[in-house]
Amino acid sequence: QVQLVESGGGLVQAGDSLRLSCAASGRTFSTSRMGWFRRAPGKEREFVASIIWSGGGATYGADSMKGRFTISGDNAKNAVFLQMNSLKPEDTAVYYCAASPLGSAVWSYWGQGTQVTVST
(Lines give C-alpha, C1' and ligand atoms only; values in the text may rest on other atoms or scores of the structure.)
Protein backbone atom coordinates (compact mmCIF):
# COMPACT_ATOMS: atom_id res chain seq x y z
CA GLN A 1 0.00 0.00 0.00
CA VAL A 2 0.95 3.61 -0.57
CA GLN A 3 -0.23 6.46 1.60
CA LEU A 4 -0.45 9.96 0.20
CA VAL A 5 -0.73 13.17 2.21
CA GLU A 6 -1.33 16.54 0.59
CA SER A 7 -0.54 19.93 2.05
CA GLY A 8 -0.31 23.54 1.00
CA GLY A 9 -3.91 24.41 0.27
CA GLY A 10 -5.60 27.50 1.58
CA LEU A 11 -7.52 30.67 0.85
CA VAL A 12 -5.92 33.08 -1.59
CA GLN A 13 -6.96 35.94 -3.81
CA ALA A 14 -7.24 35.84 -7.57
CA GLY A 15 -3.82 36.26 -9.14
CA ASP A 16 -1.97 34.73 -6.20
CA SER A 17 0.15 31.59 -6.22
CA LEU A 18 0.12 28.40 -4.17
CA ARG A 19 2.38 25.38 -4.05
CA LEU A 20 0.82 22.08 -3.13
CA SER A 21 2.90 19.22 -1.82
CA CYS A 22 2.22 15.51 -1.67
CA ALA A 23 4.27 13.13 0.40
CA ALA A 24 4.10 9.41 -0.26
CA SER A 25 4.91 6.69 2.22
CA GLY A 26 4.63 2.93 2.33
CA ARG A 27 5.49 0.88 -0.77
CA THR A 28 6.57 3.93 -2.71
CA PHE A 29 9.02 1.96 -4.82
CA SER A 30 6.02 0.32 -6.43
CA THR A 31 4.58 3.48 -7.99
CA SER A 32 5.04 4.29 -11.64
CA ARG A 33 3.53 7.76 -11.63
CA MET A 34 2.02 10.40 -9.38
CA GLY A 35 -0.36 13.15 -10.23
CA TRP A 36 -2.86 15.77 -9.20
CA PHE A 37 -6.58 15.89 -9.73
CA ARG A 38 -9.19 18.34 -8.54
CA ARG A 39 -12.89 18.42 -7.88
CA ALA A 40 -14.71 21.71 -7.89
CA PRO A 41 -18.08 22.09 -6.17
CA GLY A 42 -20.80 20.45 -8.24
CA LYS A 43 -18.36 19.20 -10.87
CA GLU A 44 -16.68 15.96 -11.82
CA ARG A 45 -13.14 15.22 -10.77
CA GLU A 46 -10.69 16.36 -13.41
CA PHE A 47 -7.08 15.62 -14.22
CA VAL A 48 -4.59 18.40 -13.50
CA ALA A 49 -1.09 17.02 -14.07
CA SER A 50 1.07 13.94 -13.70
CA ILE A 51 4.70 12.95 -13.53
CA ILE A 52 5.88 9.58 -14.78
CA TRP A 53 8.63 8.09 -12.64
CA SER A 54 9.06 5.15 -14.99
CA GLY A 55 9.26 7.60 -17.89
CA GLY A 56 12.25 9.47 -16.62
CA GLY A 57 10.19 12.14 -14.95
CA ALA A 58 8.14 13.15 -17.98
CA THR A 59 5.26 15.43 -17.08
CA TYR A 60 1.80 15.94 -18.49
CA GLY A 61 -0.72 18.64 -17.75
CA ALA A 62 -4.27 19.52 -18.63
CA ASP A 63 -4.39 21.93 -21.53
CA SER A 64 -6.69 24.27 -19.65
CA MET A 65 -4.07 24.81 -16.95
CA LYS A 66 -0.88 24.83 -18.98
CA GLY A 67 1.14 27.94 -18.47
CA ARG A 68 -0.22 28.44 -14.96
CA PHE A 69 0.21 25.07 -13.22
CA THR A 70 3.48 23.15 -13.11
CA ILE A 71 4.06 19.71 -11.64
CA SER A 72 7.42 18.63 -10.31
CA GLY A 73 8.64 15.82 -8.16
CA ASP A 74 11.44 14.13 -6.37
CA ASN A 75 11.30 10.39 -6.84
CA ALA A 76 14.02 9.81 -4.26
CA LYS A 77 12.02 11.70 -1.66
CA ASN A 78 8.69 10.26 -2.80
CA ALA A 79 7.22 13.72 -3.18
CA VAL A 80 5.34 15.58 -5.87
CA PHE A 81 4.49 19.27 -6.04
CA LEU A 82 2.04 21.45 -7.90
CA GLN A 83 2.98 25.07 -8.44
CA MET A 84 -0.12 27.08 -9.22
CA ASN A 85 0.26 30.64 -10.47
CA SER A 86 -2.22 33.29 -11.53
CA LEU A 87 -4.98 31.53 -9.65
CA LYS A 88 -8.56 32.19 -10.67
CA PRO A 89 -11.80 31.76 -8.72
CA GLU A 90 -12.63 28.82 -11.01
CA ASP A 91 -9.57 27.02 -9.66
CA THR A 92 -11.39 26.67 -6.36
CA ALA A 93 -11.55 22.94 -5.65
CA VAL A 94 -10.30 20.13 -3.51
CA TYR A 95 -6.98 19.01 -4.95
CA TYR A 96 -6.07 15.36 -4.67
CA CYS A 97 -2.75 13.62 -5.03
CA ALA A 98 -2.84 10.20 -6.68
CA ALA A 99 -0.44 7.43 -7.63
CA SER A 100 -0.45 4.36 -9.85
CA PRO A 101 1.22 1.03 -9.13
CA LEU A 102 3.92 -0.24 -11.43
CA GLY A 103 2.48 -1.83 -14.52
CA SER A 104 -0.94 -0.30 -14.00
CA ALA A 105 -2.78 2.52 -15.70
CA VAL A 106 -5.15 2.84 -12.77
CA TRP A 107 -4.85 5.62 -10.23
CA SER A 108 -5.08 3.24 -7.30
CA TYR A 109 -3.85 5.40 -4.44
CA TRP A 110 -5.42 8.66 -3.36
CA GLY A 111 -4.79 11.26 -0.71
CA GLN A 112 -7.49 12.90 1.37
CA GLY A 113 -7.28 16.13 -0.57
CA THR A 114 -6.45 19.72 0.26
CA GLN A 115 -8.85 22.61 -0.21
CA VAL A 116 -7.87 25.52 -2.43
CA THR A 117 -10.17 28.52 -2.40
CA VAL A 118 -9.57 31.49 -4.65
CA SER A 119 -11.51 34.64 -3.88
CA THR A 120 -12.19 37.54 -6.23
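In the predicted model, Cys22 and Cys97 are both buried. These two residues form a disulfide, with a separation of 2.1 Å between their sulfur atoms. A search of the whole structure returns one disulfide. The torsion about its S-S bond is -80°, and the link of Cys22 and Cys97 is accordingly left-handed. The pair joins distant parts of the chain, 75 residues apart: Cys22 belongs to strand E3 (residues 18-26), and Cys97 to strand E9 (residues 93-101).

Strands of a sheet pair through backbone hydrogen bonds, in either a parallel or an antiparallel arrangement. Between E3 and strand E8 (residues 79-84), six bridges are found, in the antiparallel sense. Val80 in E8 is the bridge partner of Cys22.

A charged residue was examined next. Arg33 is located in strand E4 (residues 31-39). This arginine is buried but has no salt bridge. The nearest side chain of opposite charge is that of Glu6, at a distance of 15 Å, whereas a salt bridge requires a side-chain nitrogen of Lys or Arg within 4 Å of a carboxyl oxygen of Asp or Glu. Polar partners of the Arg33 side chain include a side chain and a backbone atom. With the side chain of Ser100, the side chain of Arg33 makes a polar contact of 2.7 Å.

Glu90 is situated in the loop between E8 and E9. Its relative accessible area is 52%, and because the threshold for exposed is over 50%, Glu90 is classed as exposed. Along the chain, Glu90 and Thr120 are 30 residues apart, and their C-alpha atoms are separated by 10.0 Å. The charged residues described here therefore fall into opposite classes, Arg33 being buried and Glu90 exposed.

Key: Residues are numbered from 1 along each chain as its sequence is written. This is a predicted model: local features need pLDDT of at least 70, side-chain atom pairs count only at pLDDT 80 or more; totals for chains, interfaces and linings use all residues. Side-chain values use heavy atoms; hydrogens and water are left out. A disulfide is a pair of cysteine sulfur atoms within 2.5 Å. Helices (H or I, at least four residues) and strands (E, at least two) are DSSP runs, numbered from the N terminus. Buried means under 20% relative accessible area, exposed over 50%, partly exposed in between (1.4 Å probe, protein chains only). Two strands pair if DSSP finds at least two bridges between them. Lys and Arg count as positive and Asp and Glu as negative; His and the chain ends are not counted. A polar contact is a pair of N or O atoms within 3.5 Å; within protein, one must be able to donate a hydrogen and the other to accept it, and residues adjacent in sequence count only if both atoms are side-chain atoms.
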